[in-house]
Amino acid sequence: MKNRKSEEYNGNGENVSSSISNSINKKKKKRLGGGGLSLEAFANAKSKSIDYNPALIKKQREFYNNAKYVKRYKKLMKQQNGTDNQLSAATNLLEGHNETGDGIKTIKKQKNKSQGLEELYKKKHEEEEKARMEREAIIQAKKEERERVQARRKTLREKMFKKTRSGQPVMKYRIEYLLESIQASNS
C-alpha cells in the first residue's frame with residue numbers, strides 16, 4: 001500500500017492542519033509588524049508634515065524685520081528731502097527778491113547751515129559721551145560692590161571651615177553667624 005500522510009478534515013471539508021499553520025503564520029506577522037506601513041509610506045509620512053520648521057520661521061521673521069527697516073529708512077529719506085526742498089524753495093524766494101549781492105548771501109546761508117549742522121553734531125556727540133560715561137560709572141560701581149561681597153564671603157567661608165587641632169569645627173564663628181542672621185531677621 002501507498003504511504004499517505006494522514007490529513008484531517010473538519011466538517012466543512014477544509015484541511016485542519018493547514019488552517020493551524022495559517023493561524024501561526026498570521027501570529028508571526030503580527031509580532032513582526034507585517035501589517036504596518038510600507039517602506040515608501042513610512043518614508044513619505046515624515047516629509048509631508050511641514051507645519052513647524054524653525055529655520056523657515058527665522059527666515060520669514062528676518063525678512064519682515066528687514067522690510068520694516070527699509071520702510072522706515074525710505075520714510076525718513078522722504079521727510080528729509082521734503083524739508084530740504086522747503087529750505088531750498090525759501091532760499092530761492094529770498095534770492096529772487098534780493099538780486100543784488102546774491103552770491104554773498106547764499107554763501108552766508110550755506111555757512112550758517114553748516115555751522116548749525118556742526119553744532120547739532122557736537123551736541124549729539126556730547127550727549128552720547130555723557131551717556132557712555134554714566135554707563136561706565138554704573139558698571140564700575142557694580143564691579144566694586146561685587147568684589148566687596150566676594151571678599152566678605154571669602155572671609156566668612158574661611159572662618160566657617162576653621163578646625164581645631166583635633167579636627168573639630170570651631171563653633172565660635174558659627175554661633176556668631178547664627179546670632180547675626182537672627183538679629184537681621186528681627187530688625
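Leu156 sits in helix α4, which spans residues 102-160. Helices here are DSSP runs of H or I with at least four residues, strands are E runs of at least two, and both are numbered from the N terminus. This is a predicted model, in which local features need pLDDT of at least 70, side-chain atom pairs count only at pLDDT 80 or more, and totals for chains, interfaces and linings use all residues. Residues are numbered from 1 along each chain as its sequence is written, and side-chain values use heavy atoms, with hydrogens and water left out.

**Confidence**

- Mean pLDDT for the chain is 77 (pLDDT is the predictor's confidence in each residue, from 0 to 100).
- Of the residues in the chain, 63% reach 70 or more.
- Helix α5 (residues 171-186) has the highest mean pLDDT among the elements, at 93.
- The lowest mean, 58, belongs to helix α1 (residues 16-32).

- Glu129 pairs with Arg132, with the closest N and O atoms 2.3 Å apart. These two residues of helix α4 are 3 residues apart, about one turn of the helix.
- Glu136 also bridges to Arg132, at 2.7 Å from N to O. Glu136 and Arg132 are 4 residues apart in helix α4, so about one helical turn separates them.
- Glu129 is partly exposed at 32% relative accessible area (buried is under 20%, exposed over 50%, partly exposed in between, with a 1.4 Å probe and protein chains only).
- Arg132 is partly exposed at 31%, and Glu136 is partly exposed at 42%.
- Glu145 and Arg148 form a salt bridge of 2.7 Å, N to O. Both lie in helix α4, 3 residues apart, about one turn of the helix.
- In this pair, Glu145 is partly exposed at 37% relative accessible area. Arg148 is exposed, because its relative accessible area is 52%.

**Nonpolar surface patch**

- Leu156, Tyr177 and Leu178 form a nonpolar patch on the surface. Together they have about 270 Å² of accessible area, by the Shrake-Rupley method with a 1.4 Å probe, where only the protein chains shown count as cover for residues.
- Patch members have over 30% relative accessible area and no salt bridge; like charges are joined within 9 Å, and nonpolar side chains (Val, Leu, Ile, Met, Phe, Trp, Tyr) within 5 Å.
- Leu156 itself is partly exposed, with a relative accessible area of 33%.

**Lys162 in the loop**

- Lys162 lies in the loop between α4 and α5.
- Its relative accessible area is 40%, so Lys162 is partly exposed.
- Leaving aside neighbours within four places in sequence, Lys162 is in contact (heavy atoms within 4.5 Å) with Gln168, Pro169, Val170 and Tyr173.
- Lys162 and Arg174 are 12 residues apart in sequence. In space they are 9.9 Å apart, C-alpha to C-alpha.

**Aromatic pair**

- The count comes to 1 aromatic pair.
- Phe63 and Tyr64 form this pair, which is edge-to-face: 5.7 Å centre to centre, with 65 degrees between the planes.
- Rings of Phe, Tyr and Trp (its six-membered ring) pair if their centres lie within 6.5 Å; planes under 30 degrees apart are stacked, over 60 edge-to-face, and the rest tilted.
- Phe63 and Tyr64 are both exposed.

Conventions
A salt bridge is a side-chain nitrogen of Lys or Arg within 4 Å of a carboxyl oxygen of Asp or Glu.
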